[in-house]
Amino acid sequence: MRDGRDLDIPIDEVAVGDTVIVRPGEKIPVDGVVLEGRSSVDESMITGESIPVEKGPGDEVIGATMNKTGSFRLQATRVGKESVLSQIIHLVQEAQGSKPPIQRLVDRVAFYFVPAVLAIAAITFLIWLVVGPTPALTFATLNAVAVLIIACPCALGLATPTAIMVGTGKGAEHGVLIRNGEALEMARKVGTVVFDKTGTITLGKPVVTDIVQMGGHTIGDDELLRLAASAERGSEHPLGEAIVAAARDRALDLPDVDDFHAIPGQGIRAVVKDQQIALGNLKLMKESSFFLDGLEAMGESLAGEGKTPMYVALDGRVSGIIAVADTVKPDAAQAVARLQKLGLEVVMLTGDTKATANAVARQVGVDRVLAEVLPGEKAAEIKRLQQEGKVVAMVGDGINDAPALVQANLGIAIGTGTDVAMEAADITLMRGDLKGVAIAIDLSRRTVRTIWQNLFWAFFYNVTLIPVAAGVLYIVFSRTSVPEPLVPFLGQFGFLNPMLAALAMAFSSVSVMTNSLRLRGFRPAEVTSGENLPMKGEITMAKDPVCGMDVEPAKAATSSYQGMTYYFCAQACKEAFDKEPAKYVEQR
C-alpha cells in the first residue's frame, strides 16, 4: 500500500517501511511487523515447528512463511538480502565454503608407494647388471620388470573404489542414498548424532492424542469429539483441522454449525444443534468465567508432556479437554536405541519450548536436549558441539535445518523433507525411516574396515613378493641349487618368472574385489525399541503393540482385546490398534 492505494508490485520492489497486505492462504512476502489484523501463521518452513503461531499488532512475521486464517497488514522491516530466509541461504553458502575436503587414504599411500617401487626396480636393475650371472643385462632387465609387474598398484587402486561402490549400492537398497565416498568414509567417525525434532523425530502434523472428560460427565469420548469437531468445521486453524481429522477417522457424523465465531488467540464459539459450544485455550475459559473443577491441573500436565490442551465447554459448562500434539514417529525410539547400541551420543535440537522438547525426549530416549534454538542458531549449536571435540552428524528435514546440515561433519536429510535440506546433506534417507541413520553409520564402519583389509592384502603381496621378484632368493640358493619343484617358478638361479609375477599381481586384484563383494551380504542389526531401558525407575514398562515404544501403564491409553489389556503411548496408536487389533497382536 502506497499513498493510500493498493498496488500489486514485484517482491524485489518492496522497500523497508512499505505497508503490505497479506490475505488468508498467502505467503508472507517480506519480514515485518504486524500493524493491524490477526491471524495464525505457519512458520514451520523456517522454525520447523508444526503448530501455527498466533500473530497480532506488534508481532514480528517472517518472509516465506504461510498465513493461515486471517488477513493483516504489516510494515516491511527487512527485505532482500536482509531477510531471515536470505540469511539462512548465506549461512549455507558460508558453511559449504569452510568445510574441508576429505583426503582419500589410498591417495596418500600411492603418493609414496609408486616412487618407492620405481626406485626398487631401478636399484634391482643396477645391482644385477653389476653382480648378476651371465647374461647380466638379461637377468637385470627381467628382475626389474618382475618388480614392476608384481608391485603394480592395481590392487591399491581397486581397494577403495570397489568397497565404496558396493557400500553405496547396499545403502541404496536400504533407502540410504549416499552422495559420495567421502560421506561414506566420514560416517564411521561420527560420535554424536543430532536430530531436529519436528518432521524428523515427530511426524510434523498435529493429531489428537488425548480426550479427557470432567468427572460426572458421561457423554463419552466420541460424543465430545463429535461436538468439538462439528464446531471446528468452520475453522481453518491447524489445531481445529486435527480435531476434525480425528473425528473423521472414527467415522463420526458431523452436523452443521450455526453462528460460528472465531476469537483470535483464544479459540471459537459455535452452536451445534441448539447446543452452545466453546472450544479453546485456558484464557477463553477464564474470560468466559467457566468452572474448571480441576481440569486446569490436567491441562498443565498435558502441556508438560508437549501437548496443546483445548478445553471444551458445552452450554456454559466445561466438559473436557481434547489434547493435540505433534506425535513421535513410530520408528523414532527404535532408531535412537540402535544408535545408542552403536555407542553414539544422541542429541535432539529444536526451537520448541524446553517442556515440549523434554517430553518428546523422554518418549524416544535421547541423551541430550537443546531446546529453544532459533533457526539461525542451529548451525552455531552444531559448531559448539564440534568445539567440544565431537564428530557430529546432523539429521533434519527443513529449510531451517540446511545451515546445520552443512556445518555438521555429516549432514543427513529426510527424503520426505524439503529439497533444500536434501541438497545441503551428504546422505538422504529416501524412505524417511530414521533407522537409516544407524544403517548408514554401521555400513560406513564395515566399508572402511573392508578398505583396510583390501589395503592389507594389497601390501601383503607386495611386501612378500617384491623381494622375491628383486632376486633375493639368488642369495639363498647361491650355495645350493634351486629345488627341482621350484625350477619352473624360479629358474636355475632363483629369479622369479615375470609371467608368475603377472599372475600374482592379478590374484591380488581378484582378492581385493572378492573381499569388497563380501559387503553385499551386509544386513543391518535389529534392535528392539527400548532394549537398553526396559525399566523406568521401579516401574515396569509396557510395550505399545503399534509403534513398539515402552510406556508407563499408569499414564498410557489402553484397549482390551481377547481378555488382554494393551497400553499405548498416544491416542493415535490406540485408534490404529482398535481398527485392526488382530494385525498388531500377530506381530508381537
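Aspartate 256 is exposed, with a relative accessible area of 60%. In this predicted model, the residue forms a salt bridge with arginine 233, in which the closest N and O atoms are 3.9 Å apart. The two partners come from distant parts of the chain, 23 residues apart: aspartate 256 belongs to the loop between H9 and E11, and arginine 233 to the loop between helix H8 (221-232) and H9. Arginine 233 is partly exposed, at a relative accessible area of 40%.

The whole structure contains 14 salt bridges. Another of them joins the side chains of aspartate 31 and arginine 78, with an N to O distance of 3.2 Å. Because aspartate 31 lies in strand E2 (residues 31-37) and arginine 78 in strand E7 (residues 72-78), this pair ties together parts that are 47 residues apart in sequence. Aspartate 31 is buried, with a relative accessible area of 0%, whereas arginine 78 is partly exposed at 27%.

A salt bridge is also found between the side chains of glutamate 388 and arginine 368 (3.5 Å, N to O). Here glutamate 388 is located in the loop between helix H14 (378-387) and strand E18 (392-396), and arginine 368 in strand E17 (residues 368-370), so that distant parts of the chain, 20 residues apart, are linked. Glutamate 388 is partly exposed at 46% relative accessibility, and arginine 368 is partly exposed at 28%. Both residues belong to a network of salt bridges that links Glu345, Arg368, Glu388 and Lys390.

The protein chain has 22 helices and 26 strands. Six strands form an open sheet in the order E10-E15-E14-E13-E12-E11, with antiparallel pairing. Strand E10 (202-213) and strand E11 (258-263) are at the edges and have a single partner strand each, so one side of each lacks a neighbour in the sheet. On average, neighbouring strands of this sheet are turned by 20° against each other, direction ignored. Strand E10 runs antiparallel to strand E15 (residues 317-328), to which eight bridges join it; within this pairing, glutamine 213 stands opposite glycine 320 of E15. Helix H9 (residues 238-249) packs on the sheet, where it touches E10, strand E13 (275-280), strand E14 (308-314) and E15, and its direction makes about 70° with that of E10.

Two loops between strands of the sheet carry residues with positive phi. Most residues other than glycine have a negative phi. Lysine 273, in the loop between strand E12 (267-272) and E13, has a positive phi near 50° and counts as exposed at 59% relative accessibility. Aspartate 315, in the loop between E14 and E15, likewise has a positive phi of about 50°; this residue is partly exposed at 45% relative accessibility. Within H13 (residues 354-364), the buried residues include Thr356, Ala357, Ala359, Val360, Ala361 and Val364.

Of the 588 residues in the protein chain, 50% are buried. The chain exposes about 27700 Å², of which carbon and sulfur atoms supply 56%. A nonpolar surface patch of about 560 Å² is formed by Ile123, Ile127, Leu129, Val130, Val131 and Leu137. Helix H3 (residues 105-131) contributes the largest share of this patch, five residues. Isoleucine 123 lies in H3 and is partly exposed, with a relative accessible area of 48%.

Definitions and conventions: Residues numbered from 1 in each chain as written. Predicted model: local features only at pLDDT ≥ 70, side-chain atom pairs only at ≥ 80, totals over all residues. Heavy atoms only, no water. Pairing = 2+ DSSP bridges. Helix = DSSP H or I, 4+ residues; strand = E, 2+ residues; numbered from the N terminus. Axes fitted to C-alpha atoms, helices over the stretch in contact; angles between N-to-C directions. Contact = heavy atoms within 4.5 Å. Buried < 20%, exposed > 50% of the residue type's maximum accessible area, 1.4 Å probe, protein only. Areas by Shrake-Rupley, 256 points an atom, 1.4 Å probe, with all protein chains shown as cover. Patch = residues over 30% accessible without salt bridge, like charges linked within 9 Å, V, L, I, M, F, W, Y side chains within 5 Å. Salt bridge = Lys/Arg side-chain N within 4 Å of Asp/Glu carboxyl O.
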